[in-house]
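Please take a moment to look over the sequence and the model together before reading on. The paragraphs below lead through the sheets, the cores and the surroundings of the ligand.

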Amino acid sequence: MPISESMVQDIVQEVMAKMQIADSPAGKHGIFKDMNDAIEAAKKADQIVRKMSMDQREKIITSIRKKIKENAEVLARMGVDETGMGNVGDKILKHHLVADKTPGTEDITTTAWSGDRGLTLIEMGPFGVIGAITPCTNPSETILCNTIGMLAGGNTVVFNPHPQAIKTSIYAINLLNEASLEAGGPDNIAVTVEHPTLETSNIMMKHKDIPLIAATGGPGVVTAVLSSGKRGIGAGAGNPPAVVDDTADIRKAAQDIVNGCTFDNNLPCIAEKEIVAVSSVVDELMHYLITENDCYLASKEEQDKLTSVVLQGGKLNRKCVGRDARTLLSMIGVNAPANIRCIVFEGPKEHPLIATELMMPILGVVRAKDFDDAVEQAVWLEHGNRHSAHIHSKNIDNITKYAKAIDTAILVKNAPSYAALGFGGEGYCTFTIASRTGEGLTSASTFTKRRRCVMSDSLCIR
Ligand code: NAD
């Protein structure tokens, strides 16, 4: 059989990949001491990625998906062990979601106009080396998901991960580069430094070779990125309210809300953080929360104790974030039964455990006198983040009114919040929801720039 040029190319790439694996120190792919060196390496990898066909990019992405699935449990355990946040079972699901539902190169599309004056295309081209800042709440999920999208768009990426999740982040970055090498791609498609700090973040943000920065985290980092003078994608904080009106299936609403709220111990930024219910359904909702959904009703005294532990001096106690309900209760001396998944109580919207984005399974229920009042209170509780909101209702006028008023990137109707990530809902997955800057749920196309390509007076064959 004659050997074609592409077969030779495949063989050469495979051999080179194996040589690179053998040469590199084990477990060190993409990890540098110095941020400038990391950026330089990502830039070299970018020069290789730029010359790759879409098919070659997709081959690496397929290899990444396989690696994520093979390592889902290791990554989940590592994330929980290192950060003390979340739970292994849900983190495994989150990794499978990233592997299965993060869009690849199919997200890169072309717009075309053809007519008497020729053919014009809008192509989605790469930026080059993207800078990315990632949170400790979904550390490896965000790194893996960002890299699939950024690589599909033809870019490489430099991460400045949260220092509290650096081991998990390094493990994820190693896997990404191993997957690339095994698929015939370059090393350093994703890179980071051993010890990320605000200083390394600043070097990255100011570096001349980084044209775009994607920040996933709280308000501080998004503001820092948007002040950098570079183009920034800002995926910031939320405080998603779940509104329940009198047309909802209350029993199902209670179940959906608790399932969404307790997923990975409430770490996802999209997860239900409080309920706003019209007065006529509050008692029934409470009944189902407590009797059918393993919720613990906190007394006034317990709420006060929780407030002083969770919000020490008004500041969110990191030791409480992403902990399960029983652990939180044990911190205030309550030995709750083994089945307890969530802590509930009724309170005003200004209650600190309701108004603050806690990221733990504590669900305050705010009573509204009617639907308009529920919308007003929910909008107040979302704090203008324009991030996520949820509603349980069968009245489409109510749903429409709420959607317009709250103006969030995500609005889930009659389902747990995670339906927005493609888990029990249609659509793709992302762990970077650009609430502040308006890109919404990011994917490969978000990490590209639009380029117009014009052929005048030719190639129209109509
Ligand atoms: P965090 O803001 O403490 O940290 C996020 C990242 O930003 C970390 O890497 C941190 O080191 C860095 N950082 C913080 N302040 C910075 C500054 N001034 N300059 C440069 N870098 C800075 O957040 P976290 O606790 O890791 O994650 C939880 C927060 O992130 C919540 O508010 C949550 O809603 C939000 N979040 C949003 C999304 C989204 O897609 N919109 C996804 C996950 C988490």
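How many bridges join strand β7 to β8, and do the two run parallel or antiparallel? Strand β7 (residues 212-216) is joined to β8 by 5 bridges, and the two run parallel. The model is a predicted one, in which local features need pLDDT of at least 70 and side-chain atom pairs count only at pLDDT 80 or more, while totals for chains, interfaces and linings use all residues. Residues are numbered from 1 along each chain as its sequence is written, and side-chain values use heavy atoms, with hydrogens and water left out.

Strands here are DSSP runs (E, at least two residues), as helices are (H or I, at least four residues), numbered from the N terminus, and two strands pair if DSSP finds at least two bridges between them. In general, the strands of a sheet pair through backbone hydrogen bonds, either parallel or antiparallel. The strands β7 and β8 belong to an open sheet of 6 strands with parallel pairing, whose order is β1-β6-β5-β4-β7-β8. At its edges are β1 (31-32) and β8 (231-235), each of which pairs on one side only.

Helix α8 (residues 198-206) lies across β4, β5, β6 and β7, running at about 150° to β4.

A second open sheet has 3 strands in the order β2-β3-β20, and its pairing is antiparallel. Because β2 (111-115) and β20 (448-456) stand at the edges with a single partner strand each, one side of each is left without a neighbour in the sheet. From one strand to the next, the twist averages 15°. A hairpin joins β2 to β3 through 2 residues, and these strands pair over 5 bridges, with Thr111 opposite Ile122 and Ala112 opposite Leu121.

Thr120 lies in β3 and is buried, with a relative accessible area of 14% (buried means under 20%, exposed over 50%, and partly exposed in between, for a 1.4 Å probe and protein chains only). Not counting residues up to four places away in sequence, Thr120 touches Thr111, Ala112, Trp113, Arg452, Cys453 and Val454, where contact means heavy atoms within 4.5 Å.

A nonpolar core is a set of buried Ala, Val, Leu, Ile, Met, Phe, Trp, Tyr and Cys residues joined through side-chain atoms within 4.5 Å. The largest has 65 residues, and Val244, Ile275, Leu289, Val310, Ile362 and Tyr402 have the most contacts inside it. Leaving aside neighbours within four places in sequence, Leu289 is in contact with residues including Ala254, Val258 and Ile275. Another core, of 52 residues, lies apart from the largest one, and among its members are Leu151 and Leu212.

Finally, the ligand is surrounded by 31 residues, the closest being Thr134, Cys136, Arg318, Glu357 and Ile433 (a residue counts if one of its heavy atoms lies within 4 Å). A polar side-chain atom of Glu357 lies 2.5 Å from an oxygen atom of the ligand, and a polar backbone atom of Cys136 is 2.8 Å from a ligand oxygen atom.

Methods
Axes are lines fitted to C-alpha atoms, for helices over the stretch in contact, and angles run from 0 to 180 degrees between N-to-C directions. A polar contact is a pair of N or O atoms within 3.5 Å; within protein, one must be able to donate a hydrogen and the other to accept it, and residues adjacent in sequence count only if both atoms are side-chain atoms.
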